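Here is a walk through a protein model, written for someone new to reading structures.

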Amino acid sequence: MNKCMERLYNGIIKENPTFVLMLGMCPTLATTTTAVNGMGMGLTTTAVLVFSNLIISCLRKIIPDRVRIPAYIVIVASLVTIVQLLLQAFIPSLNESLGIFIPLIVVNCIILGRAETYAAKNGPVESAFDGIGMGLGFTLGLTCIAVFRELLGAGTVFGVTVIPEAYKITIFGLAPGAFFVLAGLTALQNKFKMPSATNGAGGESVLACGGNCSRCSGSACMANHATLETRRLQAEEDALAAKKAAVAQKQAELSAKLDKKD
Amino acid sequence: MKELILVIVGAALVNNIILSQFQGLCPFLGVSKKTDTAAGMGAAVIFVITLASFVTSIIYKLVLVPLDITYLQTIAFILVIAALVQFVEMFLKKSMPSLYQALGVFLPLITTNCAVLGAALTNVQKEYNILFSVFNGLGTAIGFTLAIVLLASIRESIEDNDIPVNFKGSPIVLITSGLMAIAFMGFAGLI
């Protein structure tokens, strides 16, 4: 049980996906126009994350290593489809306001990231709790940003008016406001030297792609390509050398035979 | 013809995929340090999104709709896109090594880029036919390239500026993107 609590703490505080790891930037910026939207997006992602972690962890010994990424994508995409249908049936208003970002949960790096780094190596119960922790951490991050944007942009919090009509700054509710709020947040994190991916103090990711969307420059990917290429060349060279050695040995044998005949 | 141009302009400027739809932010923030890498990424994205729009639209119209399984669109699209990117990478490597040299490193990055899946889903949402889907994909990708190349050139020219120390790195990039988003809001009345 202790380990499950540790997973929750890890997801919500120590490795918070929004504030510390800076993963899943697209929904973070796009769906935080109002507090309700932000929270809805967070909880939807949480639901997908918990079940994807659980299923992937149960299947981790069956899925062959070579096709694991496509297998994960199929599992996640099926779960997202289920969640989307449920939302359409029971909370149509949320489905309407989140729109295309519900199917886009499939390509959210948090989900594939947790599948790859945690669920593929640990048991189902811990993985499910890891999903809950990470999902709640994401929900917390999105809700905080969304409350801030809604307060500045529309003067309301969860629909309750706090700031009078005349004092609101509409731009924070629109697209540019999302960038400004996130810029302010990361600047504060730099100022107080809080652990975050932006000042290099965030947790090191073990994802093959580097796992840090905001600092990704494709260099990890290029490095992987270079490594694969050198490995391939090395293998080719080895094969060539082995062939040469075999030919040389054969020739030596042949000449030895000829010597004997003579 | 006029409608096709309107679709391209709408997708590229009015509903810019990054600055007003917030899709494909990871490469936008990450691969925008140098103008030439940004242009390379943009070219790869144009290539992949246009092709993916074409293929996913064909699959939607000819497979999913006749069989009445349109609810499987998310699964079908993501698998098709992943396979397509792999295939394009292999094809470029064998037949056009020079193009592969230029775009190759960006291709794997694009598979899980939400802009590609987003464009495919938008085509379905707006009920475009195959021709309109391809043009919508092209416009979306042009918008992406425009935004990323602009951001890269701004980042290159503010590199040596005296930025407050806490705003160095990603905060200033985000503020720049915010200002660009304000500028792009000016296109709203275009169509």
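Let's start where two chains come together: H8(A) and H9(B) are roughly antiparallel to each other, because their axes cross at roughly 170 degrees and angles over 145 degrees get that name. Those axes come within 8 Å. Keep in mind that this is a predicted model.

Who touches whom here? On the H8(A) side you'll find A:Pro176, A:Phe179, A:Phe180, A:Leu182, A:Ala183, A:Thr186, A:Ala187 and A:Asn190. Across from them, H9(B) brings in B:Pro171, B:Leu174, B:Ile175, B:Ser177, B:Gly178, B:Leu179, B:Ala181, B:Ile182 and B:Met185. Sort the residues of this contact by class and you get 13 nonpolar, four polar and no charged ones.

Let's zoom in on B:Ser177, which sits in helix H9 of chain B. Is B:Ser177 buried or exposed? With a relative accessibility of 0%, B:Ser177 counts as buried, because the cut-off for buried is anything under 20%. Leaving aside residues up to four places away in sequence, B:Ser177 touches A:Phe179, B:Leu19, B:Phe28, B:Leu29 and B:Leu151.

**Aromatic rings**

A:Phe179 turns up again when we look at rings. Over all chains, the count of aromatic pairs comes to five. In one of them, the ring centres of A:Phe179 and B:Phe22 are 5.4 Å apart and the planes make an angle of 50 degrees, so this pair is called tilted. The pair crosses between chains: A:Phe179 belongs to helix H8 (residues 175-191) of chain A, while B:Phe22 sits in the loop between helix H1 (2-14) and helix H2 (25-30) of chain B. Both A:Phe179 and B:Phe22 are buried.

Another pair is formed by B:Phe184 and B:Phe187, with 5.4 Å from centre to centre and 70 degrees between the planes, which is edge-to-face.

**Helices side by side**

Now for helices that pack within a chain. Two packed helices are described by the angle between their axes and the distance between the axes. Here are the helix pairs of this report together:

| Helix pair | Angle between axes | Distance between axes |
|---|---|---|
| H8(A) and H9(B) | roughly 170 degrees | within 8 Å |
| H1(A) and H7(A) | about 25 degrees | 7 Å |
| H3(B) and H8(B) | about 165 degrees | 8 Å |

In chain A, helix H1 (residues 2-14) packs against helix H7 (residues 124-154) at an angle of about 25 degrees. That makes H1(A) roughly parallel to H7(A), and H1(A) passes H7(A) in a right-handed crossing. The residues of H1(A) in this contact include A:Lys3, A:Cys4 and A:Arg7. Among their counterparts in H7(A) are A:Val125, A:Glu126 and A:Phe129. By class, the residues of the contact divide into nine nonpolar, four polar and four charged.

In chain B, helix H3 (residues 35-64) and H8(B) pack at about 165 degrees, so they are roughly antiparallel to each other. H3(B) passes H8(B) in a right-handed crossing. Their contact has 17 nonpolar, nine polar and two charged residues.

H8(B) also meets another helix. Which helices do the buried residues of H1(B) pack against? They pack against helix H8 (130-157) and helix H9 (170-185) of chain B. Those buried residues are B:Leu4, B:Val7, B:Ile8, B:Gly10, B:Ala11, B:Ala12, B:Leu13 and B:Val14.

**Chain A as a whole**

Finally, step back to chain A, which has nine helices and two strands. Read from the N terminus, the order of its elements is α-α-α-α-α-α-α-β-β-α-α. Of its 262 residues, 45% count as buried. Take the contacts in chain A between residues at least 6 apart in sequence: 71% of them join residues at least 24 apart.

A:Gly24 is a residue to look up here, in the loop between H1 and helix H2 (25-30) of chain A. A:Gly24 is buried, with a relative accessible area of 3%. Not counting residues up to four places away in sequence, A:Gly24 touches A:Asn108, A:Cys109, A:Ile110 and A:Phe138.

Definitions and conventions:
Residues numbered from 1 in each chain as written. Chains lettered and ligands numbered in written order. Predicted model: local features only at pLDDT ≥ 70, side-chain atom pairs only at ≥ 80, totals over all residues. Heavy atoms only, no water. Phe/Tyr/Trp six-rings, centres within 6.5 Å; stacked < 30°, edge-to-face > 60°. Helix = DSSP H or I, 4+ residues; strand = E, 2+ residues; numbered from the N terminus. Buried < 20%, exposed > 50% of the residue type's maximum accessible area, 1.4 Å probe, protein only. Axes fitted to C-alpha atoms, helices over the stretch in contact; angles between N-to-C directions. Parallel < 35°, antiparallel > 145°, perpendicular 65-115°, else oblique. Left-handed = near helix turned anticlockwise from the far one by under 90°. Contact = heavy atoms within 4.5 Å. Nonpolar A, V, L, I, M, F, W, Y, C, P; charged D, E, K, R; others polar.
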